[in-house]
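Have the viewer open as you read, and follow along residue by residue.

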Amino acid sequence: MSLSLIFYLLFVDALNKRNRQVMCTTLKVLQHLVVSAEMVGEALVPYYRQILPILNIFKNMNCKLLVLNRSV
């Protein structure tokens, strides 16, 4: 099993938890990973179709939270 596949499985598992704190930590780790070396972002391209819908759910969770906070 390749290292990129292991990272992918760990990230997707963490993001699928849909726990805000776990998602934030996972995204920070992903951000550090991408800026740590060249071509890391390009190596993740094949996995974008699986990662982006999860990030969209997270974005929508935050939008709903903002709307609720503004109405209070």
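## Starting at V22

Setting aside residues up to four places away in sequence, V22 touches A14 and K17, where contact means heavy atoms within 4.5 Å. V22 lies in helix α2.

Residues are numbered from 1 along each chain as its sequence is written, and side-chain values use heavy atoms, leaving out hydrogens and water.

The chain has a mean pLDDT of 76, with 79% of its residues at 70 or more; pLDDT is the predictor's confidence in each residue, from 0 to 100. Confidence is highest in α2, at a mean of 83, and lowest in α4, at 72. Where pLDDT is low, the predicted coordinates should not be read in detail.

## Overall build

The chain has 4 helices and 0 strands, giving the pattern α-α-α-α along the sequence. These elements are DSSP runs numbered from the N terminus: helices are H or I with at least four residues, strands E with at least two.

Of the 72 residues, 21% count as buried. Among contacts with a separation of 6 or more, 58% join residues 24 or more positions apart.

## The nonpolar core

Which residues make up the largest nonpolar core? There are 11: Y8, F11, V12, L15, M23, L30, L44, Y47, I51, I54 and F58. Two or more residues each come from α1 (3-16), α2 (20-36) and α4 (48-71), and α1 gives the largest share, with 4. Such a core is a set of buried Ala, Val, Leu, Ile, Met, Phe, Trp, Tyr and Cys residues joined through side-chain atoms within 4.5 Å.

Core member F58 is in contact with R20, M23, C24 and L27, leaving aside neighbours within four places in sequence.

## The surface

The chain exposes about 5600 Å², 64% of it supplied by carbon and sulfur atoms; areas come from the Shrake-Rupley method with a 1.4 Å probe, and for residues only the protein chains shown count as cover.

V45, Y48 and L52 form a nonpolar surface patch with about 270 Å² of accessible area together. L52 lies in helix α4.

Key
This is a predicted model: local features need pLDDT of at least 70, side-chain atom pairs count only at pLDDT 80 or more; totals for chains, interfaces and linings use all residues. Buried means under 20% relative accessible area, exposed over 50%, partly exposed in between (1.4 Å probe, protein chains only). Patches are made of residues with over 30% relative accessible area and no salt bridge: like charges are joined within 9 Å, nonpolar side chains (Val, Leu, Ile, Met, Phe, Trp, Tyr) within 5 Å. A salt bridge is a side-chain nitrogen of Lys or Arg within 4 Å of a carboxyl oxygen of Asp or Glu.
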